Amino acid sequence: MKIVVVGGTGLIGSKLVTKLGEHGHEAVPASPNTGVNTLTGEGLAEVLDGASVVIDVSNSPSFEDAAVLEFFQTSTGNLLAAEEKAGVGHHVALSVVGTERRPDIGYFRAKVAQEKLIKDSPIPFSIVHATQFFEFARRIADEAADGGTVRMPPVLFQPIAGEEVAQTVGRTAVGSPLNGRLDIAGPERFRMDEFFRGALAAWGDPREVVTDPHAHYFGAEMRDSDLVPGEGATLGELKYADWLASNAGE
């Protein structure tokens, strides 16, 4: 089947295009650098022609509160309208575990708005909530850095490999629409400060990880279970240490 992957040249999107192609599907990446712009609508009608499924793994270029809300509302609204005209039968979106728990956080609030548009649309849908990706661990550490220290809260943290996120999203896309949500997370649950203490040591990073209950993540203090799924989540198999060993330099 023809499957359009919005954000198909990014971390998860590029993996999806490859995996879906390996399984015999016509996987088409759609992003501004392939001539498709969901904010303006440019190229949408053309790329969606004949598509059975659309997977949206795009992300906002800005995480500023107003900008990220505008991105997801405009992009998703344009995409769903174009899908309805094209007769697309399944809309799949990648979101974040915990969005509904913290509407006070701008990025999470924007993802909740995106999900509401999807649920209110007549198009059958599936939403995949994922925890943080292994691939973003260094960025998370850098954003929490203060000189030679990295301040991390001791909250629960259950990151997952991007490869396994792509596998789950792809499997969901070729199945029947859930008209609901699936949560995915990594196989190991840590305290965030402990995870990064071990990760920085493994990276050979000399910065000291300091446990700080008031340290911010996404601009806010996190409660203990904000970033981890509840019962019934699908768990990946790849542990961080094994992923790191096979992804030198990540």
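## Lining of the largest pocket

Six elements each supply at least two residues of the largest pocket's lining: α1 (11-22), β4 (90-96), α4 (106-120), α5 (137-143), β7 (149-152) and β12 (216-217). Helices (H or I, at least four residues) and strands (E, at least two) are DSSP runs, numbered from the N terminus. The model is predicted: local features need pLDDT of at least 70, side-chain atom pairs count only at pLDDT 80 or more, and totals for chains, interfaces and linings use all residues. Residues are numbered from 1 along each chain as its sequence is written, and side-chain values use heavy atoms, with hydrogens and water left out.

The largest pocket holds about 890 Å³ of space. Its lining has 33 residues, and N59, F63, F136, R139 and F218 are the closest to its centre. A pocket is an open set of points on a 1 Å grid over the protein atoms alone, where a 1.4 Å probe fits, with protein on both sides within 12 Å along at least five of seven lines; lining residues have an atom within 4 Å of a point. Grid points are joined across faces, edges and corners, and a volume is the space filled by probe spheres set on the points. By class, the lining of the largest pocket has 18 nonpolar, ten polar and five charged residues. Ala, Val, Leu, Ile, Met, Phe, Trp, Tyr, Cys and Pro count as nonpolar, Asp, Glu, Lys and Arg as charged, and the others, Gly among them, as polar.

## The second largest pocket

This pocket has a volume of about 250 Å³. Of its 14 lining residues, P32, T38, S58, N59 and F71 are the closest to the centre. Seven are nonpolar, seven are polar and none is charged.

## Helices α3 and α4

Helix α3 (residues 65-86) packs against α4 at about 15°, with the axes 8 Å apart. Axes are lines fitted to C-alpha atoms, for helices over the stretch in contact, and angles run from 0 to 180 degrees between N-to-C directions. The two helices, α3 and α4, are therefore roughly parallel (under 35 degrees). Their contact (heavy atoms within 4.5 Å) includes D65, V68 and L69 of α3 and G106, Y107 and R109 of α4. It has nine nonpolar, five polar and three charged residues.

## Helices α1 and α6

The axes of α1 and helix α6 (residues 162-173) come within 9 Å and cross at roughly 55°. Among the contact residues are I12, K15 and L16 of α1 and G162, E163 and V165 of α6. Six residues of this contact are nonpolar, three polar and three charged.

Technical notes. Parallel < 35°, antiparallel > 145°, perpendicular 65-115°, else oblique.
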